[in-house]
Amino acid sequence: MLRLLQIEFIKLWNNRASKVLILSYFILMILIAGISMIKVDFGPLKFHIADVGIFNFPYIWHFNTFMAAFLKVFLAIVIVSMIANEYSNKTIKQNLIDGLSKKELILSKFLTIGVFSLASTVFIFLISLFLGLIYSDFNEFSIIFSDLEYLAAYFIKLIGFFSFCFFVGILVKRSAFALGFLFIWFIGAEIIPYTYLASKYSKELADNVTSFFPFGSMWSTITEPFSRLNVIKSAAQQVGEDITRDYSVQPLQLVIVLCWTAIFIYLSYALLKKRDL
Amino acid sequence: MKTILKVQNLTKKYGYLTAVKDLSFTIEKGNVYGILGPNGSGKSTTLGIVLNVVNKTSGDFSWFDGSINTHQSLKRVGAIIERPNFYPYMTAVQNLKLVCKIKEVDESKIEEKLELVGLLDRKNSKFKTYSLGMKQRLAIASALLNDPEILILDEPTNGLDPQGIHQIREIIKIIAAQGTTILLASHLLDEVEKVCSHVVILRKGEKLYSGRVDEMIVSHGFFELKAENNEALLSFLKLNPNFSNVREESGLIIADLKAEINASELNKELYNNGIILSHLVKRKESLEEQFLELTKNQSN
C-alpha cells in the first residue's frame, strides 16, 4: 500500500502544475482564517466578523467544513489531470507493461484521493481549532469537541467528489474535456432537474430527489450554516419568517455518498479492465 | 530448456477485423527471437496481449510455465512497445526511480543501465528535452532495470536516424551476448536476420512459420550459371527434371533446384555434355527472399 502511494507521489510531486495547485489549495484554506481579520467599517454598520459568532464552538465545525468544501474544485483539477495525463502520455500503458496490475493502478489513485481528503480534513480541523480557541465564546472541552461529525461528513464529501472526478477522468481521458463534462453534468443533470422539480412540484420533493444524485448527495451532507447564525435568525424573524431546520449530519446522506464512491471506483476499474490500451 | 512464454491459439478480434488468428508459439530461454511481419500483421497486438494491455478474444498464454500471474511475471520481463512512454516533466533518473518502484527492484541499477545506453551525462535532463533516439535508449535502460529474463522490443529502431539505429543495434547485441532472451518484433528483415536465431513469421494475424532462422528454407536454393553457349545450357537445364523455373536474368541463367545437387556434380555433368561454364554459383535465398516467397505462397 505504501508502495502504491509512493508511486503516485513521485508522479504528482514532480509535476509543477500539480504541485502548485496542491500548495495553493492548502494556502487558500489558511486564508479562510484570514476572514477573521475582516472588520467591516461601513458608516453605521461596524462590526468584526469574528464577533458575529461564526467562530464559536461547535458552530465553527459546521461553518468551516461547509465553506472549505468549495475549495475542493482546486484539487479536482489535480485529480482529473492525474489520470488524464496518464492517458495522454501513454504512461498508463507503460505502467501496466512494467508490472503494475490494473487493480493496483486504480488502488494507487484511490489511495491518493483518500490521502488528499484526509489531509484536507485534518487541515480544516487544525485551522478551525486554532480559530475557535482564539475567538470562541465557549471554551469548555466538551463543547469544543462536540459536533465533530461535520468533519466526518466533510471527509466523505471530498472522497465522493474526488472519486467522481477520477471516474470522469478515466472515462473521458482528457483533462479539459473531463472538467467540462463535470460542469455540464452539474448544470444539466443536477441543477436543471432540481429547478424543474422545485418549480413544478415542491422544493421539498426537489431536495429529496436530488439528494440521491451524485453532486446532490454530496451537497446534502452538510446543510448550509448561515441560517443557523443568530444574526440571520433574528433578521429573518423581523421579516416574519421563522427558520427551523435540522442542521445535523444525516447518516443516510453519508451512506448515499459512499455508495456513489463505490460505484465510481468500481466503474473506473471495469472500464480500465475492458479497454484495450 | 526453460519455457519463458507459451502462446496457445491466441485470437484477437477488433469488431470484424481479426488482428491475430489462432496463433501459437513458444519462447525458450536463451534464444533471440524475431517476430516478423509486414505492418498490420498483428505483431504489436500479440505483444500487447501478452503484456497485459490488450484483452484477448480467445486462446491463452502463460508466462514462466504459468507459475505466477501475469502482472507478477511482467516484473521479470523488460518490454518497450512502439514509442517510449515516460513522464515528460520528469528527468531520466526520476522516471527510472518510478519504474523501480513499480517493478519492486532496487534503485542501485539506475546508473549502470544509463551508462550501458550512453545516457549517463544526460541523466538529470527532463525526458521532454530528449531526442527520439535518446528516448528509445532510455526505454531500453528502463526495460533492463530488473535484469529481465526476457527483453521484448517492438520496432525499436522505428523512426530513428541511421546513427540511432546503429546505436540501438549495438546495444541489442551487447544484451544478447550477455545471454538475455530477446523477443524482437520488426518489419525490417535484415534487422531480424542480423540478431535473431529464431523467427516467427506473421501475415494478417496468422503464423506462416516458426522455428530457426537457418532452417527456414523454402527451397533447395538455386544456381546462377553462365556459359559460352547459353542456348545449349538453357535447353539442358530445361530438360533436366531436377530444375524448375529456368530463366535468364541480366545475362545469367537462373535455375531453381527441386532436389539437392551440389555444384561440382553439376559442373562435371555439364562438362561431359560439352557445356563449359564461365560462372557457377549456388545460392540460397536471403531471409528477405524467403520471407517474400513465404508470404507470396500463402496469398495464392
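1. The contact between the chains draws on 22 residues of chain A and 23 residues of chain B; two residues are in contact if their C-beta atoms, placed from the backbone, lie within 7 Å. Helix 1 (2-13) and helix 5 (91-97) of chain A each contribute at least two residues to the side of chain A that touches chain B. Helix 5 of chain A provides the largest share of that side, six residues. Helices (H or I, at least four residues) and strands (E, at least two) are DSSP runs, numbered from the N terminus.

2. The model is predicted: local features need pLDDT of at least 70, side-chain atom pairs count only at pLDDT 80 or more, and totals for chains, interfaces and linings use all residues. Residues are numbered from 1 along each chain as its sequence is written, while chains are lettered from A and ligands numbered from 1 in the order in which they are written.

3. Chain A contains 13 helices and two strands. Its C-alpha trace spans about 65 × 45 × 35 Å along the principal axes. A compact globule of 277 residues would have a radius of gyration near 19 Å, and the 21 Å of chain A agrees with this. The radius is taken over C-alpha atoms, and the globule rule is 2.2 Å times the number of residues to the power 0.38.

4. Of the 277 residues in chain A, 36% are buried. A residue is buried if 20 or more other C-beta atoms lie within 10 Å of its own, exposed if 12 or fewer, and partly exposed in between, with C-beta atoms placed from the backbone. Among contacts in chain A between residues at least 6 apart in sequence, 83% join residues at least 24 apart.

5. Which residues have the most contacts inside the largest nonpolar core? They are Ile79(A), Phe162(A), Cys165(A) and Tyr33(B), in a core of 124 residues. Helix 8 (residues 149-172) of chain A gives the most to this core, namely 15 residues. A second, separate core has eleven residues, including Phe222(B), Val246(B), Leu266(B) and Ile275(B). A nonpolar core is a set of buried Ala, Val, Leu, Ile, Met, Phe, Trp, Tyr and Cys residues joined through C-beta atoms within 7 Å.

6. Chain B is divided into domain 1 (3-212) and domain 2 (222-284), with bounds that come from an automatic or database domain assignment. The centres of these two domains of chain B, taken over C-alpha atoms, are 45 Å apart.

7. An open sheet in chain B is formed by six strands in the order 5-6-7-3-8-9, with mixed pairing. Two strands pair if DSSP finds at least two bridges between them. Strand 5 (77-80) and strand 9 (206-212) of chain B are the edge strands, each pairing on one side only. On average, neighbouring strands of this sheet are turned by 10° against each other, direction ignored.

8. Within chain B, strand 3 (residues 32-36) and strand 7 (residues 181-186) run parallel and are joined by five bridges. Tyr33(B) has Leu183(B) as its bridge partner in strand 7 of chain B. Neighbours within four places in sequence aside, the contacts of Tyr33(B) include Ile27(B), Ile182(B), Cys196(B) and His198(B).

9. Helix 5 (residues 132-144) of chain B lies across strand 5 and strand 6 (150-154) of chain B, at about 165° to strand 5 of chain B. Axes are lines fitted to C-alpha atoms, for helices over the stretch in contact, and angles run from 0 to 180 degrees between N-to-C directions.

10. Phe123(A) belongs to helix 6 (residues 102-135) of chain A. Is Phe123(A) buried or partly exposed? Phe123(A) counts as partly exposed because it has 15 C-beta neighbours inside 10 Å. Residues up to four places away in sequence not counted, Phe123(A) touches Phe26(A) and Met29(A).

11. Some backbone details deserve a check. The peptide bond from Phe57(A) to Pro58(A) is cis, with omega near -10°, and Pro58(A) is placed in the loop between strand 2 (45-48) and helix 3 (59-68) of chain A. Ser250(B), although not a glycine, has a positive phi of about 40°. Ser250(B) is in the loop between strand 11 (243-249) and strand 12 (252-257) of chain B, and counts as exposed because it has 5 C-beta neighbours inside 10 Å.
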